[in-house]
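Work through the exercises below with the sequence and the model at hand. Each task is followed by a solution in steps.

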Amino acid sequence: CVDEGIKSALDWLGAQLEGDFGVQSRTDDDLKWLVWHDPLTAPIRCYIYDRAADSLRLFYVTKPALEGAPLQPMQCHEIPARDGLTLPSYLTLPAGSEGVPVPLVLVVHGGPWARDAYGFNRTHQWLANRGYAVLSVNYRGSTGFGKKFLNASERQWGGKMHDDLIDAVNWA
């Protein structure tokens, strides 16, 4: 159950901030919030949100040197593994590559009990800037996708977990 005032504030923020955002901290009186914002094609920004005035004031930018840089959006894809498991994955394409074959780099996260996340990713941006498509795959055993997905990695290190990566590259 969400308080109507908080729901209204989150709706207002969603209308102002394209991409992903979240509330990092709030004052005791709940009138000022520290809000992070990932616009996906620019560095992450942090704002001070004044709820009473419905205003955002830029607090800081995480990577100011990247402001205005030609960053590429990350795309979400659900890639089917050969056994039918769905692999949540993230693809970043270099500028101007739509419909044109380009080399692909598969970035494999540590783990298996870890995960890739959606949003600004410096490795994706660096490689895309140099003409590579970049794919990150949450293979079975990655966290954050439920117990069934996590447990699908049991006794599959070097087996189906490896197949997941190969299936994702073949999909690309």
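**Exercise 1.** Find the bridge partner of His37 in S3.

Solution. The partner of His37 is Arg45. Strands here are DSSP runs of E with at least two residues, helices are runs of H or I with at least four, and both are numbered from the N terminus. Two strands count as paired if DSSP finds at least two bridges between them.

The model is predicted, so local features need pLDDT of at least 70 and side-chain atom pairs pLDDT 80 or more, while totals for chains, interfaces and linings use all residues. Residues are numbered from 1 along each chain as its sequence is written, and side-chain values use heavy atoms, without hydrogens and water.

**Exercise 2.** Which strands pair with S8, and in which sense?

Solution. Strand S6 (residues 86-92) runs antiparallel to S8, with 4 bridges; Ser89 stands opposite Val137. Strand S7 (residues 104-107) is parallel to S8, also over 4 bridges, and Val105 has Val134 as its partner.

**Exercise 3.** Is S8 (residues 133-137) buried or exposed?

Solution. Of its 5 residues, 5 are buried (under 20% relative accessible area with a 1.4 Å probe, protein chains only; exposed is over 50%, partly exposed in between). Ala133, Leu135 and Val137 cover one side, Val134 and Ser136 the other.
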